[in-house]
Amino acid sequence: NNLNINKLKELGKNSLFLAKKREKSIPLKLKKSKELAELIGIILGDGEIRKDGSVRISFDPKKDKDFLYRKVFPLIKRNSKNKISFESEKRICFWNMAFVKYLKNDCNLNPGSKFENNWSIPKWCFQKKEYLTAVLRGLFDTDGYFAYHSRSVDLMFGRFSEKSTNLLP
């Protein structure tokens with residue numbers, strides 16, 4: 001009884017306009033590079049891709065601020081030319097539907113849960129050693145770590161989160 005039909009119509013028109021705008025955005029034609037591969041590695045490790053065109057990257061505010069300003073911000077700006085905002089004290093965000101479509105179409109990184117979608121390293125990153133090195137660097141910088149095996153200085157191992165089984169050997 002308290003519904004304002006005119007207000008609902010206006011909201012519907014606005015939502016329809018935004019949906020049509022999203023559908024018309026063309027995926028980016030990004031040149032494969034070490035920087036792009038490293039950014040994708042960072043997204044694989046601590047990122048989230050959403051259907052609304054936003055990409056979020058989580059970080060530890062005590063440990064990762066320097067890495068964020070020194071490495072992550074420049075990579076995002078050079079590859080997507082987007083303004084980056086702090087969504088919270090532990091997460092940054094940028095919006096670019098064309099970049100999200102690029103990640104989906106060219107990198108097979110579907111929006112939504114990276115665990116449910118079981119993201120993996122894009123195939124093009126295996127074309128050159130420098131791409132693979134860069135994507136692994138981004139992944140290790142965010143989600144991986146090295147440790148000594150049984151306190152031995154001779155044996156080290158790397159580890160990632162076990163939730164993305166496509167990233168496990």
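## What helix 3 packs against

In this predicted model, the buried residues of helix 3 pack against helix 2 (34-46), helix 4 (97-107) and helix 6 (129-142), and also against strand 2 (54-58), strand 3 (85-88) and strand 4 (91-95). Those buried residues are Phe67, Leu68, Val72, Phe73, Leu75, Ile76, Asn79 and Ser80. Buried means under 20% relative accessible area, exposed over 50%, and partly exposed in between (1.4 Å probe, protein chains only). Contact means heavy atoms within 4.5 Å. Helices (H or I, at least four residues) and strands (E, at least two) are DSSP runs, numbered from the N terminus.

An α-helix has 3.6 residues a turn, so residues three or four places apart point the same way.

Helix 3 spans residues 65-80 and bends by about 35 degrees at Val72. A proline, Pro74, follows within four residues. The bend is the angle between axes fitted to the seven residues ending at a residue and the seven starting there. Val72 is also one of the buried residues of helix 3.

Just after the helix, Lys81 takes a positive phi of about 55 degrees. Lys81 is not a glycine. It sits in the loop between helix 3 and strand 3. Lys81 is exposed, with a relative accessible area of 70%.

## Helix 2 against helix 3

The axes of helix 2 and helix 3 come within 10 Å and cross at roughly 120 degrees. Axes are lines fitted to C-alpha atoms, for helices over the stretch in contact, and angles run from 0 to 180 degrees between N-to-C directions. The two helices are therefore oblique to each other. Angles under 35 degrees count as roughly parallel, over 145 as roughly antiparallel, 65 to 115 as roughly perpendicular and the rest as oblique.

The crossing of helix 2 and helix 3 is left-handed. That label applies if the near helix is turned anticlockwise from the far one by less than a right angle; clockwise gives right-handed. Helix 2 contributes Glu35, Leu36, Glu38, Leu39 and Ile42 to the contact. Helix 3 contributes Phe67, Lys71, Val72, Leu75, Ile76, Arg78 and Asn79. By class, the contact has 7 nonpolar, 1 polar and 4 charged residues. Ala, Val, Leu, Ile, Met, Phe, Trp, Tyr, Cys and Pro count as nonpolar, Asp, Glu, Lys and Arg as charged, and the others, Gly among them, as polar.

## Helix 2 against helix 6

Helix 2 and helix 6 pack at an angle of about 35 degrees, with axes 7 Å apart. Their crossing is right-handed. From helix 2, the contact residues include Ala37, Ile40, Gly41 and Leu44. From helix 6, they include Tyr131, Ala134, Val135 and Gly138. The contact holds 8 nonpolar, 4 polar and 6 charged residues.

Asn118 lies in the loop between helix 5 (114-117) and helix 6. Its phi is positive, about 50 degrees, although Asn118 is not a glycine. Ser120 is in the loop between helix 5 and helix 6. At 24% relative accessibility, Ser120 is partly exposed. Its C-alpha atom is separated by 7.9 Å from that of Asn108, 12 residues apart along the chain.

## The whole chain

The chain has 6 helices and 6 strands. From the N terminus, the order is α-α-β-β-α-β-β-α-α-α-β-β. Buried residues make up 36% of the 169 residues. Of the contacts with a separation of 6 or more, 60% join residues 24 or more positions apart.

## Basis

Residues are numbered from 1 along each chain as its sequence is written, and side-chain values use heavy atoms, without hydrogens and water. Local features need pLDDT of at least 70, side-chain atom pairs count only at pLDDT 80 or more, and totals for chains, interfaces and linings use all residues.
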